[in-house]
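Hi,

Here's the structure I said I'd pass on. Have a look at it first, and then read on for what turned up.

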Amino acid sequence: GGGAGGGAGGGEADSAAGEESMYVSVGGVENGGASAERVMRSAFEVLDDNCVSLKAQYALARRVVLWRGAPPSDSGGVDAASCRAVAACIAEVHEGSGVLEVPILAAARHERGRGHGSVLVALLVQMGAALGCRLLVVSATTESARFWLTMGLHTPAGCSPEIRATLRELAQSSQRRGFANSIAMAMPLPRVPRRRGDAGAGGGGWLSCGAAGGGALAAAFARLLARVPPEQALAAADAPSALGYEDINSAGSFKLAADGRRVPIAYSPGERMQIGVPYAKLQAFCTPGSRGWGVRASVPVARGTVVVEVRGRMLSDAEYAEVSDTSYIVSYDDATLALKRAAGENELFFDLREQGNVMRLINDCMEAPNLQLVYHPQPD
């Protein structure tokens with residue numbers, strides 16, 4: 001295997017325009033050396049030494065390392081001053097089940113947010129397909145699940161029955177290398193003819209990202225190019241006119257009186273809550289794929305921060321019964337609704353179809369949510 005200061009073996013490192021500075025190496029514990037180990041350990045507070053060192057149950061696994069910088073020398077050596085490891089993972093082929101498993105994958109701490117993890121995943125997809133694997137399985141943490149979801153992987157609940165069956169068989173056979181409290185996520189791999197000379201599970205060597213080519217890698221670079229820059233997003237103040245709704249974030253929620261007047265929903269001092277993200281720092285943007293418009297923040301958001309309050313026209317049960325399309329209706333949970341009805345309250349649903357705020361653009365996500373709908377104050 002090719003590692004820092006070690007022999008690489010394998011073929012010549014070709015280059016392609018725009019990708020000539022990225023290379024992938026595959027090999028044993030020598031591959032990437034201390035550089036790759038630092039990358040992997042930087043992403044986990046606790047990491048099994050056997051996994052990093054490819055010992056015990058990980059003895060058949062391989063390190064896959066993504067490098068950026070000057071190409072390796074003819075002998076496979078790496079110039080540490082001009083080539084650095086930017087992402088690394090542990091990968092193992094379970095030949096009997098046709099599964100390529102990745103128990104850990106990490107990007108270098110100082111390189112995160114630059115798309116290197118996406119490129120490494122694309123390379124794994126291509127490698128797995130070339131090796132005849134039919135499924136990519138990873139061990140996700142609650143923090144990384146959203147990344148894997150954007151890469152096309154799903155939790156068992158979002159997988160097909162066939163994939164769920166394979167995951168069960170893998171777990172029952174004790175082959176899966178997932179770590180404690182991890183979430184199994186999977187995706188099918190494309191079927192490609194396996195050619196004579198393709199690297200086997202124990203192979204090693206270097207390959208430039210340009211030479212790797214292929215649809216998966218091209219798609220990874222396309223995703224990077226498709227990231228919506230700030231100038232193509234809509235500020236919270238500009239979204240209403242562009243998307244066809246009235247923003248009432250500053251005025252607050254209201255209900256309609258019998259004569260059609262808007263009656264503001266008044267809060268007592270104890271009912272008001274502190275919003276942690278300035279409304280002007282929220283942006284509407286068109287998400288890739290079929291999810292439509294979404295919301296993002298242009299500033300960091302700490303865990304536990306209140307991002308936005310749901311604001312719209314309040315509906316009673318009778319008014320809600322007349323709504324045919326509930327796509328933009330936000331409700332309390334059943335327990336809170338029952339308490340509000342028992343207390344004689346009639347403001348039960350938020351109607352964001354015509355009046356609302358950017359909350360109306362936030363999509364739900366059952367597999368890897370990064371927001372939670374909460375109720376304040378808690379009912380007594």
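A quick definition before anything else: a charge sits over a ring if NZ of Lys or CZ of Arg is within 6 Å of the ring centre and within 35 degrees of the ring normal. Keep in mind that this is a predicted model.

With that in hand, Arg360 lies over the face of Tyr328, 4.3 Å from the ring centre. There's another one at Phe285: the charged end of Arg296 sits over that ring, 5.0 Å from its centre.

Arg296 also turns up in a sheet, as the bridge partner in β13 of Gln283. Strands β12 (residues 282–286) and β13 pair in the antiparallel sense, over five bridges. The sheet itself is open, with three strands in the order β8-β12-β13 and antiparallel pairing. Its edge strands, each pairing on one side only, are β8 (234–235) and β13 (293–297).

Now the aromatics. The count of aromatic pairs comes to four. One of them is Phe147 with Trp148, an edge-to-face pair at 5.2 Å centre to centre with 65° between the planes. Phe147 counts as partly exposed because its relative accessibility is 28%, while Trp148, at 4%, counts as buried. Tyr332 and Phe350 form a tilted pair, 5.7 Å centre to centre and 50° between the planes. This pair links distant parts of the chain: Tyr332 is in the loop between β15 (329–331) and α10 (334–342), and Phe350 is in strand β16 (residues 349–351), 18 residues apart. Both Tyr332 and Phe350 are buried.

On to the nonpolar cores. As background, nonpolar side chains tend to be buried together in soluble globular proteins. Which residues touch the most other members of the largest core? Leu136 and Trp148 do, out of 33 residues. Elements that each supply at least two residues of this core include β3 (83–94), β4 (99–107), β5 (135–140) and α4 (145–150). The most comes from α3, which gives six residues.

Trp148 deserves a click in the viewer. Leaving aside its neighbours within four places in sequence, Trp148 is in contact with Leu105, Val121, Val138, Ala140, Leu153 and Met185. There is also a second, separate core of 25 residues, and among them are Leu234, Val277, Val308 and Val310.

Cheers

Conventions. Residues numbered from 1 in each chain as written. Predicted model: local features only at pLDDT ≥ 70, side-chain atom pairs only at ≥ 80, totals over all residues. Heavy atoms only, no water. Pairing = 2+ DSSP bridges. Helix = DSSP H or I, 4+ residues; strand = E, 2+ residues; numbered from the N terminus. Phe/Tyr/Trp six-rings, centres within 6.5 Å; stacked < 30°, edge-to-face > 60°. Buried < 20%, exposed > 50% of the residue type's maximum accessible area, 1.4 Å probe, protein only. Core = buried A, V, L, I, M, F, W, Y, C linked by side-chain atoms within 4.5 Å. Contact = heavy atoms within 4.5 Å.
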